[in-house]
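Visitor: I would like to learn how to read the sheet and the salt bridges of a model such as this one. Could you take me through them?

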Amino acid sequence: MKVKLILPALTEATSPYWRPIKYSLFPPLGLATLAAYLPTHWEADMQDEHVETLRLDDEPDIVIIQVYITNAYRAYALADHYRARGAYVCLGGLHVTSLPEEAAPHADSIFLGPGEEIFPQFLKDWQSGRALPRYVSTAGRTLVGVPPIRRDLIKRERYLVPNSIVVTRGCPHHCDFCYKDAFFEGGKGFYTQTVDDALAEIDRLPGRHLYFLDDHLLGHTRFATGLFEGMRGMGRLFQGAATVDSILRDNGLLEKAAQAGLRSLFVGFETLSPVNLKASNKPQNLGRDYAAAMQRLHDLGIMVNGSFVFGLDDDRPDVFRRTVEWAVGQGITTATFHIATPYPGTALFKRMEAEGRLLHRRWNEYDTRTVVCQPGPHLTARQLKEGYDGAYRDFYSWANITKASLVHDTLRHQLKHFAYAGGWKKFEPLWNFMIKSRHLDSMRPLLEAILSKVRGKEGKPGPAALAPPTSDSGMLLPLPVLQR
């Protein structure tokens with residue numbers, strides 16, 4: 001039995017002329033997780049169109065395609081292609097869960113929600129000739145007993161960060177613009193692996209660097225405490241994501257993370273406006289001292305990738321300048337800016353649709369770089385797009401990279417910040433060359449070796465220095481998380 005698992009790509013990710021590094025960061029863990037449920041004697045092939053040319057002349061028995069909003073049209077075309085060739089086609093993912101009626105005509109079966117329970121049931125049904133057209137995840141969600149990810153299907157050499165890992169599902173928060181609420185509707189919205197299973201998965205990964213792709217690595221205090229205590233002494237360097245309120249909690253968890261090897265954190269600041277935070281149902285940021293959160297991270301030697309959204313209703317023409325000035329002044333290492341984008345299934349989409357503010361439903365343009373809905377009363381669509389582009393340009397100017405790096409207390413931290421921010425945005429032609437020449441994997445040891453560990457405030461050893469000694473291989477670039 002032959003099974004093919006496909007992650008389709010946007011057209012720009014397959015361009016022979018220019019390949020942004022963001023499309024070569026992480027392998028498709030969702031598909032590799034499903035593949036772990038396949039019978040051992042079945043033949044499985046996983047192809048990620050972001051990093052390889054798809055082979056379309058094969059004849060698999062089952063084709064499983066992961067669909068996110070901007071690849072939806074490509075996913076449907078591939079599904080139609082393989083159905084015409086006689087394959088049994090399954091579609092799943094965020095977009096399918098949000099718009100099942102749109103996806104269903106292109107598939108024999110669709111999967112709604114996380115697949116740990118529904119995919120094994122589908123396999124039983126398919127083998128007995130009774131597969132259903134729709135499988136919906138509701139009660140009974142758990143990560144206990146989930147088989148190890150099929151990492152043998154991942155082409156490690158084609159990714160900058162092949163050691164990506166997910167040890168939780170979902171998020172304890174419910175922001176109006178977040179895609180994940182629709183995906184987890186009908187059952188538990190936030191749950192974790194056992195600590196032992198998570199540590200076992202980490203043990204399977206070669207090298208030192210890890211990237212936790214969890215939406216909120218610090219979201220479950222007891223689990224995260226056990227995880228970091230178990231990781232201490234492993235000599236790992238890792239990155240992850242967390243919220244402002246979790247950073248400010250005085251419960252020792254952030255210190256444990258730093259001692260275990262946390263070196264950079266993706267933080268959703270989103271907006272400097274309390275009005276926007278309240279309207280977006282983001283109370284975990286309301287009344288929080290962003291500057292204090294940044295200082296805590298700086299004192300622990302943890303670098304920051306800050307996330308910001310433009311185009312919310314309280315934004316005015318000066319929001320771009322003010323946000324960049326604040327981010328630079330706080331010493332944020334890298335920034336990920338977004339144009340407010342209403343994804344189907346979210347509260348924001350429902351509100352924009354009800355108010356008649358959706359400009360179109362061309363899903364491939366719902367990429368957070370393109371204006372797809374009418375902004376609030378204080379901005380035009382043109383101002384939003386030009387301001388967004390200008391924010392990226394200004395934040396990553398050499399002058400602002402230098403200014404932000406000088407915020408840090410030690411010369412080593414300043415140099416590391418300068419190298420990371422500059423390397424991420426100012427050397428895109430080099431990244432493109434490494435991707436095209438199939439040498440991206442050769443950059444990983446260089447990135448690990450280029451910078452040494454940061455010392456804590458006032459030159460005192462930070463928590464990283466309290467961990468058992470390892471080679472002085474430094475920390476990796478705090479890479480933005482790609483929301484596919």
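**Reading the sheet and the salt bridges**

Guide: Helix α2 (residues 72–84) lies across β1 (2–7), β3 and β4, and runs at about 165° to β4. Helices (H or I, at least four residues) and strands (E, at least two) are DSSP runs numbered from the N terminus, contact means heavy atoms within 4.5 Å, and axes are lines fitted to C-alpha atoms, for helices over the stretch in contact, with angles from 0 to 180 degrees between N-to-C directions. This is a predicted model, in which local features need pLDDT of at least 70 and side-chain atom pairs count only at pLDDT 80 or more, while totals for chains, interfaces and linings use all residues. Residues are numbered from 1 along each chain as its sequence is written, and side-chain values use heavy atoms, with hydrogens and water left out.

Visitor: In what order do the strands form the open sheet?

Guide: Strands of a sheet pair through backbone hydrogen bonds, either parallel or antiparallel. Here six strands follow the order β2-β1-β3-β4-β5-β6 in an open sheet with parallel pairing, where two strands pair if DSSP finds at least two bridges between them. Its edge strands, β2 (43–48) and β6 (134–136), each pair on one side only, and neighbouring strands are turned by 15° against each other on average, direction ignored. Within this sheet, β3 (residues 62–66) and β4 (residues 88–92) run parallel and are joined by five bridges, with Gln66 opposite Gly92 in β4.

Visitor: How many salt bridges does a search of the whole structure find?

Guide: A salt bridge is a side-chain nitrogen of Lys or Arg within 4 Å of a carboxyl oxygen of Asp or Glu, and the search finds 32 of them. One of these joins the side chains of Glu116 and Arg169 at 2.7 Å, N to O; Glu116 sits in the loop between β5 (109–112) and α5 (118–127), whereas Arg169 belongs to strand β8 (residues 168–170), 53 residues apart.

Visitor: Are Glu116 and Arg169 buried or exposed?

Guide: Both are buried, that is, under 20% relative accessible area, with exposed meaning over 50% and partly exposed in between (1.4 Å probe, protein chains only).

Visitor: Which parts does the salt bridge of Arg357 and Asp313 tie together?

Guide: The closest N and O atoms of Arg357 and Asp313 are 2.9 Å apart. Arg357 lies in the loop between α14 (347–354) and α15 (381–395) and Asp313 in the loop between β13 (303–310) and α13 (319–329), so this pair ties together parts 44 residues apart in sequence. Arg357 is buried, with a relative accessible area of 12%, while Asp313, at 29%, counts as partly exposed.
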